[in-house]
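Please read it with the sequence and the model in view.

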Amino acid sequence: MDGHATAVRRRPSATRREALVVRVVGLLTGTAWLAGCVAPVLSVSGAPPGTTSPAPAARTVAGRPVDPGSPTPTRTAPAAPRPPALPRPTPLHTPAPPPAPLPKVPSRAAVQGWSCDQLVQAVNGSAARCAEPGDPALRAQTVVAGESTVGLTDEHQVVHVERGMSTEDTYLVAMHERGHQELRQRCDTWTCGDALARAMGSSRGAWNDGPYFARVVEAGASTWARCHGADNPRYGYRLSCEDLEAAFGAEVSARRAHALEQQAYDLAWARYREDYERYRREYDLYAAQP
């Protein structure tokens, strides 16, 4: 047609439409893939994208909060206490008490006219007794040639005195046995015995060595009797009253020193047990720490 042009809008062909759909689908797919890749990166901390992860909680060591930004403190195990170095005191023998209290000694003049039983109980206590000659309690012990025992203090500290002697001799025998009772109670350690032995010029431990009347134990008993008004000329005294009292004093000092040593020993171990219990508690706390 002359002078006129006719415009015709062509509709896209099927091939072009398919290409357009492919491009749109590809664009949407790429966008979704990109969103999937970015999302995990933004939520590595476990929190949704756009939020701030909370700071880790502070750890506690030995009951005190520790700054999580500071280095972990060094912890060492508590040291165990050392046991005491004090040696255990050597036990001292404690003498058994006499079977009856020892009475105050009567004077020689006061016992005149007393019977044997009255006299020995007044001197040696209510457990003392008089025995007939030949009584097995006296053990018929030969003292020297032609003589036998007329008085004896047995292992139970019961005094036996032979009946039938004069009041004077009964008193002397009873007082000698009282000397044995006193030594049993007041001179029962090596300290006292050695002091008496040294005073007599004997070797240590020579308590019952040598002839009967020369033995330290017999000299000690006879000396005690003489120092308390019962001088018996039959005994050759080789100990003075001062020697005997010094030996008794040495016994008292030895027992007092031993008591102080035992007290210090017991106190040291009591403190050690307290320290050890404290150490166990501290170690349990240490072991429980992360």
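Helix 3 (residues 167-186) packs against helix 5 (residues 216-227) at an angle of about 115°, and their axes are 7 Å apart. Because an angle from 65 to 115 degrees counts as roughly perpendicular, helix 3 is described as roughly perpendicular to helix 5. The model is predicted, and local features are drawn from residues with a pLDDT of at least 70.

**Helix 3 with helix 5**

- In passing helix 5, helix 3 makes a right-handed crossing.
- On the side of helix 3, the contact is formed by Met175, His176, Arg178, Gly179, His180, Glu182, Leu183 and Arg186, while helix 5 contributes Val217, Glu218, Gly220, Ala221, Ser222, Trp224 and Ala225.
- Sorted by class, the residues of this contact between helix 3 and helix 5 comprise six nonpolar, five polar and four charged.

**Helix 2 with helix 3**

- Helix 2 (residues 116-124) and helix 3 have axes that come within 9 Å of each other and cross at roughly 30°.
- Since angles under 35 degrees count as roughly parallel, helix 2 and helix 3 are therefore roughly parallel to each other.
- Helix 2 and helix 3 cross in a right-handed sense.
- Helix 2 brings Cys116, Leu119, Val120, Val123 and Asn124 to the contact, and helix 3 meets them with Thr167, Thr170, Tyr171, Ala174, Met175, Glu177, Arg178 and Gln181.
- The contact of helix 2 with helix 3 holds seven nonpolar, four polar and two charged residues.

**Helix 4 with helix 6**

- The axes of helix 4 (residues 190-199) and helix 6 (residues 241-288) come within 8 Å, with a crossing angle of roughly 155°.
- As angles over 145 degrees count as roughly antiparallel, helix 4 and helix 6 are therefore roughly antiparallel to each other.
- The crossing of this pair, helix 4 and helix 6, is right-handed.
- From helix 4 the contact draws on Thr191, Cys192, Ala195, Leu196 and Ala199, and from helix 6 it draws on Asp243, Leu244, Ala247, Phe248, Ala250, Glu251 and Ala254.
- Nine nonpolar, one polar and two charged residues make up the contact of helix 4 with helix 6.

**The largest pocket**

- The largest pocket has a volume of about 420 Å³, and of the 20 residues that line it, Thr153, His180, Arg184, Val217 and Glu218 lie nearest its centre.
- Strand 4 (151-153), helix 3 and helix 5 are the elements that give two or more residues to the lining of the largest pocket.
- Helix 3 supplies four residues, the largest share of the lining of the largest pocket.
- The lining of the largest pocket divides by class into six nonpolar, six polar and eight charged residues.

**The second largest pocket**

- The second largest pocket has a volume of about 340 Å³, and its lining consists of 18 residues, of which Val150, Val173, Phe213, Arg234 and Tyr235 are the closest to its centre.
- Here too helix 3 gives the largest share of the lining, in this case five residues.
- The lining of the second largest pocket has eight nonpolar, five polar and five charged residues.

- The structure holds one cavity of 30 Å³ or more, and the volume of the largest cavity is about 30 Å³.
- Pro99, Ala100, Leu102, Asn124, Ala127, Ala128, Gln157, Val158, Val159 and Gln181 line the largest cavity.
- Asn124 and Gln181, both in that lining, also take part in the contact of helix 2 with helix 3.
- By class, the lining of the largest cavity has seven nonpolar, three polar and no charged residues.

Key
Residues are numbered from 1 along each chain as its sequence is written. This is a predicted model: local features need pLDDT of at least 70, side-chain atom pairs count only at pLDDT 80 or more; totals for chains, interfaces and linings use all residues. Side-chain values use heavy atoms; hydrogens and water are left out. On a 1 Å grid over the protein atoms alone, a cavity is a set of points where a 1.4 Å probe fits but cannot get out, and a pocket is an open set with protein on both sides within 12 Å along at least five of seven lines; lining residues have an atom within 4 Å of a point. Grid points are joined across faces, edges and corners, and a volume is the space filled by probe spheres set on the points. Ala, Val, Leu, Ile, Met, Phe, Trp, Tyr, Cys and Pro count as nonpolar, Asp, Glu, Lys and Arg as charged, and the others, Gly among them, as polar. Axes are lines fitted to C-alpha atoms, for helices over the stretch in contact, and angles run from 0 to 180 degrees between N-to-C directions. A crossing is left-handed if the near helix is turned anticlockwise from the far one by less than a right angle, and right-handed if clockwise. Contact means heavy atoms within 4.5 Å.
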